[in-house]
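Student: I'd like to learn how to read aromatic ring pairs in a structure. Could you walk me through a case?

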Amino acid sequence: MRNILLGNTGYKVSRIGFGGIPISHLEYNEAIKVVRGCINMGVNFIDTAVAYGDSEMKIGEAVSDCDVILATKSQSKDATGIEKDVKVSLSRLKIGFIHLYQLHGVNNAESLNSVMAKGGALEALKKMKKKGFIGAIGITGHRADVLVDALKTGEFETVQVPYNFIETEPEKELFPLARRIGVGIIAMKPFGGGILENANLSIKYILEHKNVVPIPGIRKIEEMRENCSIADRHIALSAFEKKQILKISKEIGKNFCRRCGYCMPCPQDIQIVSAMNARLFIKQLGVKSFIDKQSSEFVEGIKTCTKCGQCESRCPYNLPIRSTIAKSAEYLESILSQSSGK
């Protein structure tokens, strides 16, 4: 695995990093096996977060005798909260120094103002950096325009944003700005939260932007092995592959669910992510995959939506969740009706 510099941080990171969300769903020893397997392939940049279940603890155990660069993050916006979270991360990761600590989920002007204010999270991170607990300070978010404003303050050494061949907004202003001022670029959701299934297209598209480090969420060693194989070949996208990308982009559009789960929980216990992606799942897996004894219960569950709007207020992508799941219910009812011969 080739290494590249992460902006002006001085860190040489693997061309592809490790996203630490999925291992929170794995059994403890299996998660450690996956992390170590990826490290053995040359992956030395590992990203996690306080909010990712027991991901930090599993990573801490897995990297105890390895030379890796660790990045984690907190959604706390005030000094007190983030100081507590940094200490939690240090304890879980079993280290005394974190290479990169990021302000997590700064998705609007209000959040940015909060972390930048006196007594805000940034102030605390700068103090902890001076004390030697952290190396670089970064910021993450889902809106490129907000992150542009953040980088213009000159306070951040890295920026992490959703980026793939469908979500290309960062290419316009965020990436050029980051390159000009030496800010490292980290691409979360290189597979669009799982909606993009073609690893060859997804990884190659990002690697054509030499300063961008993708951090796909990894659940199996085989997933990283495939990603590394694509990176090792380092072959540019062909004209045919570019046409494929355009076709897929048009089919999916920009208004799709990334399966991040920030919309949950639902007061009515609706499985929002599944409801949002129902049409896509059926397209990929076929109608028969949906027809079973639990299908009717799932549809009836969606129809209990009271349109309270809590999900939409939490969605970092401002998706029209209420209208989308209502359309999903109608679509799924029609499928059930057809299958029963009504």
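Tutor: Happy to! Keep in mind that this is a predicted model. Here, ring pairs join Tyr163, Phe165, Phe175 and Tyr205 into a cluster.

Student: How many aromatic pairs does a search of the whole structure find?

Tutor: Three aromatic pairs turn up in that search. Planes over 60 degrees apart count as edge-to-face. The rings of Tyr163 and Phe175 have planes at 75° and centres 4.8 Å apart, so this pair is edge-to-face.

Student: Where in the chain do Tyr163 and Phe175 sit?

Tutor: Tyr163 is in the loop between β8 (158-162) and α7 (174-181), while Phe175 belongs to helix α7 itself. The two are twelve residues apart, and their pair links distant parts of the chain.

Student: Are Tyr163 and Phe175 buried or exposed?

Tutor: Both Tyr163 and Phe175 are buried.

Student: Now, what about the rings of Phe165 and Tyr205?

Tutor: Apply the angle rule again: their planes stand at 70°, with centres 6.2 Å apart, so Phe165 and Tyr205 are also an edge-to-face pair. This pair connects the loop between β8 and α7, where Phe165 lies, to Tyr205 in helix α8 (residues 199-207), 40 residues away. Phe165 and Tyr205 are both buried.

Student: Which residues is Glu241 in contact with, leaving aside neighbours within four places in sequence?

Tutor: Those contacts are Asn200, Leu201, Lys204 and Ala236.

Terms used. Residues are numbered from 1 along each chain as its sequence is written. This is a predicted model: local features need pLDDT of at least 70, side-chain atom pairs count only at pLDDT 80 or more; totals for chains, interfaces and linings use all residues. Side-chain values use heavy atoms; hydrogens and water are left out. Contact means heavy atoms within 4.5 Å. Rings of Phe, Tyr and Trp (its six-membered ring) pair if their centres lie within 6.5 Å; planes under 30 degrees apart count as stacked, over 60 as edge-to-face and the rest as tilted. Helices (H or I, at least four residues) and strands (E, at least two) are DSSP runs, numbered from the N terminus. Buried means under 20% relative accessible area, exposed over 50%, partly exposed in between (1.4 Å probe, protein chains only).
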